[in-house]
Amino acid sequence: MYQELLQFLFQLLMGQKTNGKHLEEGDIIEFMSKFTQNLILWGSNDVIKKYSEYRTYFSNRGVGKETSIKEIELLEDLLLAIRKDMGHNNKSLKRGDVLSLFINDIEKYLYKLK
């Protein structure tokens, strides 16, 4: 289930860079609806909470808006919650470590958080 979310997020965040395709609003809504159904049954409490926070923020930010610091924090919190649910302790990971795997200039955003 989490693999599907990661594939979707990578397509959403990097789709135009990797395959030139842009997800349409209908595709996003359809995925979110199906994923939410599975998450209710199989997701940990922490992942459900973090997903809800990310989804709410993402849906309220508007199309075409520049990525905000808050959105970056919420995404990483969600990814860390997923890792924790999968059995990882995340103890040696600091803010930005997971996101740096696919956001090349993450330092540009992180300095604003300090």
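**Exercise 1.** Which residues in α2 meet which residues in α3?

*Solution.* The model is a predicted one. Start on the α2 side: Met 32, Phe 35, Thr 36, Leu 39 and Ile 40 make the contact. Then turn to α3: their partners there are Val 47, Ile 48, Tyr 51 and Arg 55. Now sort by residue class. The contact of α2 with α3 holds seven nonpolar residues, one polar and one charged. Tyr counts as nonpolar in this scheme. Thr 36 belongs to the contact, and so does Arg 55.

**Exercise 2.** Describe the secondary structure of the chain in sequence order.

*Solution.* Count the elements: there are five helices and zero strands. Read them along the sequence: the pattern is α-α-α-α-α.

**Exercise 3.** Summarise burial, contact range and surface for the chain.

*Solution.* Burial: the chain has 114 residues, and 32% of them count as buried. Range: take contacts between residues at least 6 apart in sequence; 50% of these join residues at least 24 apart. Surface: the accessible area is about 7,900 Å². Carbon and sulfur atoms account for 51% of that area.

Terms used. Residues numbered from 1 in each chain as written. Predicted model: local features only at pLDDT ≥ 70, side-chain atom pairs only at ≥ 80, totals over all residues. Heavy atoms only, no water. Helix = DSSP H or I, 4+ residues; strand = E, 2+ residues; numbered from the N terminus. Buried < 20%, exposed > 50% of the residue type's maximum accessible area, 1.4 Å probe, protein only. Contact = heavy atoms within 4.5 Å. Areas by Shrake-Rupley, 256 points an atom, 1.4 Å probe, with all protein chains shown as cover.
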